[in-house]
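Q: I have just opened this one and have not looked at it before. Can you walk me through it?

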Amino acid sequence: MRVVVDWNLCESNAVCQGIAPEVFLVGEDDELEILDENPPEELRAKLDEAVRRCPKAAISLEG
Amino acid sequence: MTATQQGRRIDVLDGRLYDDPWETYTWLRERAPVYRDEQNGLWVVSKYADLSHVERHPEIWSSGAGVRPVPVSMSIITLDAPEHTYTRRLVNKGFTPRMVAKMESHVREVTRGILDTIASRGEIDFVEDFAIHVPLIVIAELMGLPPEDRHLFYRWSDDMMAGDNHFDADDPVMQRAQQAFLEYVAYLQGLFEEKRRNPADDLVSILLGVSDEGGLVQQRPDDTSLEADELLMFLVLLIVAGNETTRNAITGGLEAFSRFPEQRERFVAHLGDTAYRDRAIEEVLRFTSPVISFLRTCTQDVEYGGVEMKEGDKVFLLYQSANRDTDIYTDPDSFDIEREPNDHLAFGIGPHYCLGANLARMELRVVFEEMFARFPDMRSKEPGIPFQRGPSSLVMSIQHLPAVFTPESKGSTP
């Protein structure tokens with residue numbers, strides 16, 4: 001599974017970080033960093049939630 | 001399908017519909033989730049999943065042809081990618097959770113100052129004496145406008161907003177809207193010289209700088225009218241969107257807490273519990289949904305929700321209705337500040353998700369916390385009666401709300 005962020009859309013609302021801090025981190029510079037681009041399967045439920053709840057609809061999962 | 005076949009003729013552009021729209025919303029969701037308003041030539045979307053789907057697919061349902069029935073170019077809300085992305089980027093870093101958190105203590109001070117002005121009264125017009133002030137002061141400060149002129153911004157903003165869906169130049173509402181726009185423009189132009197000499201870290205300075213360098217995307221390049229000036233329209237959008245919405249969420253929230261007094265008691269009992277408070281504010285947003293509608297235009301023929309939409313068709317999105325959808329919410333007409341999950345659509349979703357959402361949330365947190373900490377029995381004088389509101393199909397536009405509370409005795413220290 002691969003996490004894809006549309007960087008044209010992302011506005012660092014940090015909702016994803018609240019749901020899956022293992023994968024998403026919004027730094028002090030207000031830039032989102034993907035900590036793990038190919039996260040383990042056990043995070044899928046959390047990542048599905050992050051996809052659904054990102055207010056900018058900027059996140060998608062491949063595979 | 002025609003309106004008659006669907007069994008009911010609904011004029012979704014009649015602003016008076018929204019004085020008490022709840023039964024109509026229920027009918028739409030249950031009987032005609034993608035309803036054809038023949039009179040206005042609109043597809044009307046009322047369910048949560050459909051509204052979310054449309055907003056998440058801007059390549060099919062575009063904002064570029066306008067987001068209101070009478071289209072007006074209005075900066076970032078009437079742009080599509082890539083111009084939308086570029087233009088929104090000019091300002092969006094100022095609205096992140098981190099940036100907004102930095103403003104919180106100041107907004108708390110501002111709120112306390114407004115509460116001081118009503119403390120001894122016991123009975124107020126909640127809108128004009130309280131709800132308008134914090135959002136106007138905050139957006140004025142962010143933009144770099146003098147907050148003490150906020151009574152002007154209030155009038156201009158309301159008059160311009162009332163012009164929505166009016167197009168006849170002789171219409172008195174339209175004339176007032178035009179007058180307000182011209183006065184606001186004159187005011188801004190007076191300010192621009194000062195901002196050019198002494199640019200500051202505010203939105204007017206930033207956008208003026210970009211505009212002076214020719215950096216704003218021109219939506220109507222051949223049009224030299226003031227209404228086609230991208231800088232001016234961006235500044236119209238910011239002042240209107242930055243105060244009208246939050247003001248109505250504050251007023252609508254007080255009415256909700258008054259109609260469901262056990263919720264007010266719960267909120268007051270949990271003051272200081274930030275997670276509890278944050279969840280309550282989401283319910284204020286869901287329940288009030290101060291933005292009533294926006295519109296999209298089909299970029300192609302598309303079959304959706306059992307209807308055939310044609311390229312160029314207009315789709316009207318009803319946010320309040322989506323937020324009362326029983327597919328998503330149990331007992332949606334109850335105001336329940338412990339509701340969870342509560343991923344409402346009050347700010348929309350997707351590329352046009354409200355730029356000021358984090359700011360609005362912070363203002364609402366601070367306002368309700370400070371207000372109920374000081375006046376725990378603040379309430380609408382006559383809970384449950386319809387709002388005194390302007391005839392808008394765009395925003396709640398609550399004009400007055402008589403409210404009562406136990407005043408502080410004069411001379412006592414808060």
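**A first walk through the model**

Q: Before anything else, what kind of model is this?
A: It is a predicted model.

Q: OK. What is the strand order in the open sheet of five strands in chain B?
A: The order is S1-S2-S8-S5-S3, and the pairing is mixed.

Q: Which strands are at the edges there?
A: Strand S1 (34-37) and strand S3 (61-62) of chain B, each of which pairs on one side only.

Q: Start from S1(B), then. How does S1(B) pair with S2(B)?
A: They are antiparallel, with four bridges. Arg36(B) is the residue opposite Trp43(B) in S2(B). The two strands make a hairpin with four residues between them. In the turn, Gly41(B) has a positive phi of about 65°.

Q: And S2(B) with S8(B), parallel or antiparallel?
A: Parallel, with four bridges joining them. Val45(B) sits opposite Leu317(B) in S8(B).

Q: Next pair: how many bridges between S5(B) and S8(B)?
A: Five, in the antiparallel sense; S5 covers residues 293-298 of chain B and S8 covers residues 314-318. Thr297(B) has Lys314(B) as its bridge partner in S8(B), while Ser293(B) is opposite Leu318(B).

Q: What about S3(B) and S5(B)?
A: Two bridges, again in the antiparallel sense. Ser62(B) stands opposite Thr297(B) in S5(B). Thr297(B) also has Lys314(B) as its bridge partner in S8(B).

Q: Is S5(B) buried or exposed?
A: Mostly covered: six of its six residues are buried. On one side are Ser293(B), Leu295(B) and Thr297(B), and on the other are Phe294(B), Arg296(B) and Cys298(B).

Q: Why do the residues split into two sets like that?
A: In a regular strand, side chains alternate between the two faces of the sheet.

Q: Which residues of S2(B) are on each side?
A: Leu42(B) and Val44(B) are on one side, Trp43(B) and Val45(B) on the other, and all are buried.

Q: Switching topic. How many residues are in the largest nonpolar core?
A: It has 123 residues. Those with the most contacts inside it are Val44(B), Val45(B), Met143(B), Val315(B), Phe316(B), Leu317(B) and Tyr319(B).

Q: Which element gives the most to this core?
A: H16(B), with ten residues.

Q: Pick Val315(B). What is it in contact with?
A: Leaving out neighbours within four places in sequence, Val315(B) contacts Trp43(B), Val45(B), Val54(B), Trp61(B), Leu295(B), Arg296(B) and Cys298(B).

Q: You mentioned H16(B). How does it pack with H12(B)?
A: The angle between helix H12 (residues 244-259) and helix H16 (residues 357-374) of chain B is about 35°, and their axes are 10 Å apart. The crossing is right-handed.

Q: Which residues meet there?
A: From H12(B), they are Thr245(B), Thr246(B), Ala249(B), Ile250(B) and Gly253(B). From H16(B), they are Ala360(B), Glu363(B), Leu364(B), Val367(B) and Phe368(B). By class, that contact has six nonpolar, three polar and one charged residues.

Q: Back to sheets. What is the order of the open sheet of three strands?
A: S4-S12-S9 in chain B, with antiparallel pairing. Strand S4 (123-125) and strand S9 (379-380) are at the edges with a single partner strand each, so one side of each has no neighbour in the sheet.

Q: How many bridges join S9(B) to S12(B)?
A: Two, with the strands running antiparallel; S12 is residues 402-404. Ser380(B) has Ala403(B) as its bridge partner in S12(B).

Q: Now chain A. Where is Val26(A)?
A: In strand S2 (residues 24-26) of chain A.

Q: Why does Val26(A) count as buried?
A: Because it has 20 C-beta neighbours inside 10 Å, and 20 or more is the cut-off for buried.

Q: What does Val26(A) touch?
A: Ser12(A), Ala14(A), Gln17(A) and Leu32(A), not counting residues up to four places away in sequence. Val26(A) is 18 Å from Arg52(A), C-alpha to C-alpha, and the two are 26 residues apart in sequence.

Q: Last one: how many residues does each chain put into the contact between them?
A: Eleven from chain A and 16 from chain B. On the chain A side, the residues are four nonpolar, three polar and four charged.

How values were computed:
Residues are numbered from 1 along each chain as its sequence is written. Chains are lettered from A and ligands numbered from 1 in the order in which they are written. This is a predicted model: local features need pLDDT of at least 70, side-chain atom pairs count only at pLDDT 80 or more; totals for chains, interfaces and linings use all residues. Two strands pair if DSSP finds at least two bridges between them. Axes are lines fitted to C-alpha atoms, for helices over the stretch in contact, and angles run from 0 to 180 degrees between N-to-C directions. A crossing is left-handed if the near helix is turned anticlockwise from the far one by less than a right angle, and right-handed if clockwise. Two residues are in contact if their C-beta atoms, placed from the backbone, lie within 7 Å. Ala, Val, Leu, Ile, Met, Phe, Trp, Tyr, Cys and Pro count as nonpolar, Asp, Glu, Lys and Arg as charged, and the others, Gly among them, as polar. A residue is buried if 20 or more other C-beta atoms lie within 10 Å of its own, exposed if 12 or fewer, and partly exposed in between; C-beta atoms are placed from the backbone. A nonpolar core is a set of buried Ala, Val, Leu, Ile, Met, Phe, Trp, Tyr and Cys residues joined through C-beta atoms within 7 Å.
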